[in-house]
Amino acid sequence: METLKFIKLILEKIEIPMMGIVEIDGHIVPRCIDSAVLHDRLDMVRLFLTKTEKFPLLTPFSCLVSAIAHNHCRIFSHVLQFIGAGVLMFFDKKPNLMALCEKYNRTHLKLRLTQVLLTNLKEEMKIKQEELEENEQRLVEIEEKENVLEELKINENNLEELEENENKPDEKHNVLQKCEDSLENGGEKIEDKFYQKDDKLEKNDNKLEEKDDRSERNSDKIKNDDDARLEKTLVVKSKEKKKGSRICWNCAEKGTDVALYKCAGCRKAYYCDGECQAEDWEVHGEYCMVVMERRDLKLSGS
């Protein structure tokens, strides 16, 4: 009980604790979760699951992986009940929980997982069926409204046509009068106006083409400048990492900008937080394991 209170106090007071990690079938599991599962401490597991939002590494998936590896049915069942329908999101995660049960020959855990998956799939299908029926009803209502609007639009167009037909005699008379006046003043003036308009349109087209060419050249220049800046940034980050500067080995944030924390395994790498450490594990993991093995050999030799 005292240990639980002490761990709870640590999780509440320390913003970014450095957690030891273990690897189970390619998945990173915090050592605190693995130890709690190994010793069948359900109270600790419950505590860790309430802190997932603050500490992203304390996930239900890590609890399930560790429970399969250590064959703890009680903790496995509790975590499944805790996440409920959220277990469906774990289908595409690695390692696959079903495959992991088969690998460790955990038939009873596999059966429990299958029951939970089937129950949640049925519930999800029921919800989707209800949503589908609601959407169909909405579509019917929308179609009815569209039909009513279409009828109103047709009636409106018919009214406009009637009004236009009533005004057409006067319009025709005015058009004929204008044509007669134009012919009396000379048809050549009308032709000159048309030619002038054609020349203006042609000039405007040429100006638009010139603007398009300038825009294309500017966009190419901007793209080349961006590529050059990106390449320069990558080179600078690469040089900083090779020199051993204190930067995050995942996102390359400098220690002068953010607080960096040392990897508890190799004690060489620095990271912004546990999330950056987890993202870089695929690259850093092999190196970290080799450094820890060498350290253990030195200690055992001494």
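**Aromatic pair, packed helices and buried residues**

Reader: To how many aromatic pairs does the count come?

Author: The structure is a predicted model, and the count comes to one aromatic pair.

Reader: Why is the pair of W249 and Y287 called tilted?

Author: The ring centres of W249 and Y287 are 6.3 Å apart, and rings pair if their centres lie within 6.5 Å. Planes under 30 degrees apart count as stacked and those over 60 as edge-to-face. The planes of W249 and Y287 stand at 35 degrees, so the pair is tilted.

Reader: What parts does this pair tie together?

Author: W249 belongs to the loop between α8 (187-243) and β3 (261-262), whereas Y287 belongs to helix α9 (residues 274-301), so the pair joins parts that are 38 residues apart in sequence.

Reader: Are W249 and Y287 buried, exposed or partly exposed?

Author: Partly exposed is the class between buried, under 20%, and exposed, over 50%. W249 has 22% relative accessibility and therefore counts as partly exposed. Y287, at 39%, is also partly exposed.

Reader: What makes K51 buried?

Author: The relative accessible area of K51 is 17%, and buried means under 20%; K51 is therefore buried. K51 is in the loop between α3 (42-49) and α4. Leaving aside residues up to four places away in sequence, K51 touches L11, E12 and L58.

Reader: Why is α4 called roughly antiparallel to α5?

Author: The axes of helix α4 (residues 60-70) and helix α5 (residues 73-83) cross at roughly 155 degrees and come within 9 Å. Angles over 145 count as roughly antiparallel, so α4 is roughly antiparallel to α5. The crossing of α4 past α5 is left-handed. From α4, the contact involves P60, C63, L64, A67 and I68; from α5, it involves I75, F76, V79, L80 and I83. By class, this contact has 10 nonpolar, no polar and no charged residues.

Reader: Which residues in α5 are buried?

Author: I75, F76, S77, H78, V79, L80 and I83 are buried in α5. Just after α5, G84 takes a positive phi of about 60 degrees.

Reader: How do you know that α1 and α3 are roughly parallel?

Author: The axes of helix α1 (residues 2-13) and α3 cross at roughly 10 degrees, coming within 10 Å. Angles under 35 degrees count as roughly parallel, and α1 and α3 are therefore roughly parallel to each other. α1 passes α3 in a right-handed crossing. In α1, T3, L4, I7, K8 and L11 meet D43, M44, L47 and F48 of α3. By class, the contact of α1 with α3 has six nonpolar, one polar and two charged residues.

How values were computed:
Residues are numbered from 1 along each chain as its sequence is written. This is a predicted model: local features need pLDDT of at least 70, side-chain atom pairs count only at pLDDT 80 or more; totals for chains, interfaces and linings use all residues. Side-chain values use heavy atoms; hydrogens and water are left out. Axes are lines fitted to C-alpha atoms, for helices over the stretch in contact, and angles run from 0 to 180 degrees between N-to-C directions. Helices (H or I, at least four residues) and strands (E, at least two) are DSSP runs, numbered from the N terminus. Angles under 35 degrees count as roughly parallel, over 145 as roughly antiparallel, 65 to 115 as roughly perpendicular and the rest as oblique. A crossing is left-handed if the near helix is turned anticlockwise from the far one by less than a right angle, and right-handed if clockwise. Contact means heavy atoms within 4.5 Å. Ala, Val, Leu, Ile, Met, Phe, Trp, Tyr, Cys and Pro count as nonpolar, Asp, Glu, Lys and Arg as charged, and the others, Gly among them, as polar. Rings of Phe, Tyr and Trp (its six-membered ring) pair if their centres lie within 6.5 Å; planes under 30 degrees apart count as stacked, over 60 as edge-to-face and the rest as tilted. Buried means under 20% relative accessible area, exposed over 50%, partly exposed in between (1.4 Å probe, protein chains only).
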